[in-house]
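Here is a short briefing on one structure.

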Amino acid sequence: MLLLLVTLKSISRVVRVVAPLILSVLVVIALLVASGHTMTILHLVGLLLIVAVGSNYALFFDRRTVETDAVDRTTMIASLAIANLATVLGFGVLSFSSVPVLKALGTTVAPGAFAALLFSALMAETALRKSEHGSKP
């Protein structure tokens, strides 16, 4: 987080990047516990993958709030949606595996990657709306 703070030069931007990751991990843990899964070290590895994948989404969306080129934003959002779809489908298939390692990774990463994209987009949209309202006379 210190590296993010040095790089992004703003506590609010760091929060916008880190909050979706924390929320995604918490949502996945809640879903797993609510559905009766026993958490294992393999689920922890999956949670780490959520943070790794989700940090990319969050950083791209943070970039969107700083840069204002509409064409770049549209391309970026389409790219993120396709990447997320591939991630969710790839890990989603693993969640149906009878191999415990694959099943644990699939049931953890698939919903977590989707949640990370969703929360990152919501945080960025909120930031954009606040900046638009703040810039009006």
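A salt bridge is counted here when a side-chain nitrogen of Lys or Arg lies within 4 Å of a carboxyl oxygen of Asp or Glu. Arg13 and Asp62 form such a pair, with their closest N and O atoms 2.6 Å apart. The model is a predicted one.

**Salt bridges**

- The whole structure holds 2 salt bridges.
- Arg13 sits in helix H2 and Asp62 in helix H3 (residues 41-66), so the Arg13 pair links distant parts of the chain, 49 residues apart.
- Asp62 also forms a salt bridge with Arg16, where the closest N and O atoms are 3.3 Å apart.
- Arg16 lies in helix H2 and Asp62 in helix H3, so this pair ties together parts that are 46 residues apart in sequence.
- Shared partners join Arg13, Arg16 and Asp62 into one network of salt bridges.
- Is Asp62 buried or exposed? Asp62 counts as buried because its relative accessibility is 4%, and the cut-off for buried is under 20%.
- Arg16 is buried, as is Asp62.

**Nonpolar surface patch**

- Leu2, Leu5, Val6, Ile11 and Val15 make a nonpolar surface patch of about 490 Å².
- Two elements give two or more residues each to the patch: helix H1 (2-8) and helix H2 (11-34).
- Which element gives the most to the nonpolar patch? H1 does, with 3 residues.
- Leu5, one of the patch residues, lies in helix H1.
- Leu5 has a relative accessible area of 34%, so Leu5 is partly exposed.

- What is the phi of Lys9? Its phi is positive, about 60°, although Lys9 is not a glycine.
- Most residues other than glycine have a negative phi.
- Is Lys9 buried or exposed? Lys9 counts as exposed because its relative accessibility is 71%, and the cut-off for exposed is over 50%.

**To recap**

- Asp62 in helix H3 pairs with Arg16 in helix H2, and Asp62 also pairs with Arg13.

Key: Residues are numbered from 1 along each chain as its sequence is written. This is a predicted model: local features need pLDDT of at least 70, side-chain atom pairs count only at pLDDT 80 or more; totals for chains, interfaces and linings use all residues. Side-chain values use heavy atoms; hydrogens and water are left out. Patches are made of residues with over 30% relative accessible area and no salt bridge: like charges are joined within 9 Å, nonpolar side chains (Val, Leu, Ile, Met, Phe, Trp, Tyr) within 5 Å. Accessible areas come from the Shrake-Rupley method with a 1.4 Å probe; for residues, only the protein chains shown count as cover. Helices (H or I, at least four residues) and strands (E, at least two) are DSSP runs, numbered from the N terminus. Buried means under 20% relative accessible area, exposed over 50%, partly exposed in between (1.4 Å probe, protein chains only).
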